[in-house]
Amino acid sequence: MSDPDPLSVPPVAGPGPRRSRRARIRAELKRAPLSAWFGGLVILAYVVLAVFAPLIAPWGEATVAGQPHQAWGGDFLLGTDQLGRDVLSRLIYGARNTLGIAVLTTCLAFLTGGLLGILAALYGGWFDQICSRIVDVFMSIPSLIFALLFLSVFGSSIPNLIITLAALDATRVFRLARAAAGTVVVLDYIQIARVRGESLLWLIRREILPNILSPMIVEFGLRFCFVFLSIAALSFLGVGIQPPTADWGSMVRENAALISYGNITALLPAAAIALLTVAVNFVIDWYVYRTSGMRDER
Amino acid sequence: MNAENTDLRVRGAPLLQIRDLRIEGFSDDRWHPIVRGIDLELHRGEVLGLIGESGAGKSTLGLVAMGYAKPGCRITGGSVTFDGQDLLAMKEDERRLLRGARIAYVAQSASASFNPAHRLLDQTIETAVTHGLLGRKQASLRAIGMFEKLRLPGAGAIGLRFPHQVSGGQLQRAMTAMAMECRPDLIIFDEPTTALDVTTQVEVLASMREVVREFNTAAIYISHDLAVVAQMADRIMVLRHGKTVEEAPARRMLAEPAEDYTRSLWSVRALAQPERSDTEICLKIDNLVTGYGKSAKVIDDISIELQRGRTLAIVGESGSGKSTLAQVISGMLPAWSGKMTFEGRPLPSGFRSRPRDLLRRIQMIYQSPDTALNPRHSVAETIGRPLEFYLGLKGAAKQRRIKELLDMIEMGSGYLDRLPGELSGGQKQRICIARALAAKPELVICDEVTSALDQLVQSGILKLLSSLQAELGISYLFITHDIATVRAIADHVVVMNQGKVVEQGPKSVVLEPPHQPYTDLLLSSVPEMDPDWLTRVLKSRRATPDAAS
Amino acid sequence: MNDATTPAGAGANAAPASARNLRPLLRTGLQRLALGFVTLFIVSIIIFLSIEALPGDFAQSMLGRSAAADTVEAYRLMLGLDRPVFERYLSWAAGAVQGDFGMSLTSRPGSIRAVNDMIGPRLYNTFFLAAMTALIAVPLAVLLGILTALYRGSWFDRLINGSTLMAISVPEFFIAYILCYIVISKDMFAFGQLAQILPQWANDGIIWLLSFVPKLPTLAVINESTSFGERVWKLILPALTLTLVITAHMMRMTRAVLINVLASSYVEMARLKGLSKTRVVLCHALPNAWAPIATVIAFNLAYLIVGVVVVEVVFVYPGIGQLMVDAVRTRDIPVVQACTLIFAATYIILNLIADCVAIITNPRLLYPR
């Protein structure tokens, strides 16, 4: 708040010492609350599981290794499923499939939606109008319903799933990117860069993108959770990832009948989904608090 | 000490007494002191002016006089006594009964502080009715009476309106009426006229002063503008960095300020650019018409001339079209019709049809350095970009030139890797100037470049711009609403009102009488460093009622 | 900001509600209504055209490559695929407006199943479940949202915030199965894996706690003859699942909206006027928060529609969501189209209602300058 432009200190005076970026990040991490640490560690664990699934899993993804519905313990730490496949191994492979598809979908949605959103904010006019109206229509229907419609027409396959969800998600990303970029493009420094004669690439990459990065990162986390949950829901409904590919949503469906016998095997993949989304949300919560909460909300 | 004691005995116990007050605010994960040990005393019927720059702690202090700490602030020491009661030791409910009833508040932005969902009258009488001080009917009658006193048009009906249906100046008066409704002992005015145009400000100030005097209400008047405070206050207190710099009766403060800092508060007014000889014409604009979209005409048939190495000031209130003019010249807004000539060649309308070298020769500096600098670009990147983009400088040559430019704006090379967020307002504006200079321009358009800055910083920037002009021979098109700034920097002046030129010519001609009626209204509305200024202006306006309309 | 001392017509504007003043209100309202219709129209085109985008011949792909040519031809005729797209859209749309969605692809020449007959009773079931959920969730969420915004930062706020963050992060079917598991464990806990892992005293404690859980039905199988009371009883678990999800979303958004309003200058001014905390919230914050809260509610009721699909499948509830999922699996496109259109229309109508609330609570439109 205090203005270091006073009489006694002429503006020529050198600035004070400055902490390096790395030191600031380290200090930031040190102050992070337990929930954020927990979230970060969980995400890390999932990534490790997904990347090294074949090395970690005791059995193959679709190997029928034992009798159907074997109890916990022995060769099968978490028992076997209705076909006699190892539940633990399928859980580990499920991390790979479900996570991989969700990350891919989210990235695709951000590339298309984000770019179009920034362009719409920058150019305005008819380009913005057309994009926005199309997005309005797509957003006037819950995306799960639209996904169901498209999957019924084009059939359930992984590429179809990715393209459908990415397209539907891109509309949400478009909205956010357009709004975030919209508050930036009206600022004087964008005007200055434009009148200086800067190219479109420079405007997007150097002037706009760095300034909308933090809302976009938050949105990436939230959209990832949303996509992840949508894939799980679709697979659970039997129209998402198809067997024999291991996937948490369909694992819940396949083992759901066991719940009536007090068997919690079906709850494990559901818990795996829940744990990851909770972890991502914890990290986002902390990030939002760090980047905006302090200043905006007081 | 002795003198103070006698004073106390004569006038009785003070209405408000603040002792060694300390307040801290929370930002960047830490508590920072905002107010560091301030003493203050206010007697019944007395008006105290609190003045200081942004961040001096004056608004925080004003709210604490109501026993209210802003969210994110905490009171860490001292006492606040109102009419013998310790405000800080009270229960919240007891304080609540004082607020609005015995201590009232008038906020800076009336349009944000009136609830958009309720009618003005309902909001005005709310405190009186809910505290059970007056009946609804009685309260309404009293409010309407106060609207009349404050010269609100259609006083009987205006209370039925919603805030968005009323202009800014009228809202500010309605808020004063709301504060006066319970006939409080004390009113806190927090920069009540800062958001208004000068011509509006005069009337609002006059009506506020009138009611405060009539009801013998004590008041704390907070402002950054000493000339405004001088009209309102009996006594003035200058704050800086949360401490009292100087305190004295208003007249004495203006006549013989004791501290250097106090004197520096009107340093802009002390600057004066002597008029210089005529030179060739650099920029010529003929019959320019433009506006936004296709129908909203903002500028209507304007012709002006700017001489090389000289400064042309464009003066006007908000809505006069002066900033739009700057946008047309810089190419951000295309002209509908008219001709622009720059250094003897026609200047294409719209920046897209100008070659890069032409873009380089006309640079612009903006009002708010906060939004004019990309917060993610360091000082070196900001200044370096035009060097690279226009002049093709790279590597060591670029670095050398950046350092030269930093020296020119009187900042050292220690700032090279700073981000704008780490600089003060004045420093940011200097970086903007350096960025404009980096392009080696011939014409620099300065759009209200000093109006977002504190007085002291303003004079520094104006001096810098003057000396750069003398050194580099740049022409300035200087857009401002502040007459003092015009005196400080301009050679020629254009007065604009509602998209038209009212008067133009050399500074000595335009600023000295006889004036056009609008110029006269504008000039006479600018507060002067004279406690009798407001009285004088009002007297002359009432004598010739035509002047105001 | 121009302070004209005597604006012309000052008195005329002040009159509360003349016909002139209603005009902007009506205009804005009609604009929204028109926009809603246009959106619905475009959505219907997308829904209809989605079949056209199908690679290859629709009839062929439905019947499989091995189908005889004349069977395919008969099927095409039955579906009306020989007519141009434009004509087929018109007759489909005209039918849809009258509540006739054609026939299901499970129909074969000879045994025709109308989509209407499949949807009709299920639509009622779905709206019954949604209404039951909304009745609990909306007041609960708004109340919790207001309370947490008011007591921001308190342990109450943190507790609610933490648990709702959990609830929105978790898939609906997880909540549903957890609830089922709790009810089932009343009888089955001792046989499950948990009982073998946990020590004896923990088991005893859990079994004691479970004895308080009512024996709710975990399947919501109903038909036309099910009485109202039984219906409600069977729907407690599905409604509870949906309530948990919806309330969490709605409450968090309401809280955010209110915190925003509470931070505004006019609320600070109301505090500085010495008004009580209740009055500040009820008279100054809430009137300005209704419009965004209405949007939040509409948004979440629409979200409820999505939740319904999953929850119906979990509890085997004969609603439109389950029908849609089955139709998607069997690629019974006319049924999918009809369901999509119904969901879309509900969503659009809900948003329209929220817009109307925003319009009639906006003094700028009610009382123009």
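View 1. Glu53(B), Asp197(B) and Leu265(B) supply 51% of what domain 1 of chain B buries here, more than any other three residues. This is a predicted model, where local features need pLDDT of at least 70 and side-chain atom pairs count only at pLDDT 80 or more, while totals for chains, interfaces and linings use all residues. Side-chain values use heavy atoms, without hydrogens or water, residues are numbered from 1 along each chain as its sequence is written, and chains are lettered from A and ligands numbered from 1 in the order in which they are written.

**View 2. How the two domains of chain B are laid out.** Domain 1 covers 46-67 + 95-265 and domain 2 covers 281-374 + 430-512, with bounds from an automatic or database domain assignment. Their centres, taken over C-alpha atoms, sit 35 Å apart. Seven residues of domain 1 of chain B touch five of domain 2 of chain B (contact means heavy atoms within 4.5 Å).

**View 3. Chain A against chain C.** Here 45 residues from chain A meet 47 residues from chain C. Together they bury about 4200 Å², and carbon and sulfur atoms give 79% of it. On the chain A side, the elements giving two or more residues are α5 (125-139), α6 (143-154), α9 (200-236), α10 (248-255) and α11 (267-297) (helices are DSSP runs of H or I, at least four residues, numbered from the N terminus). α11(A) gives the most, with 11 residues.

**View 4. Chain B against chain C.** This contact takes 41 residues from chain B and 31 residues from chain C. The pair bury about 3300 Å², 54% of it on carbon and sulfur atoms. Glu126(B), Arg161(B) and His164(B) supply 19% of the area that chain B buries against chain C, more than any other three residues.

**View 5. Glu126(B) and its partner in chain C.** There are two salt bridges between chain B and chain C. In one of them, Glu126(B) pairs with Arg279(C), and the closest N and O atoms are 2.8 Å apart.

Technical notes
Buried area = accessible area lost by both parts, 1.4 Å probe. Salt bridge = Lys/Arg side-chain N within 4 Å of Asp/Glu carboxyl O.
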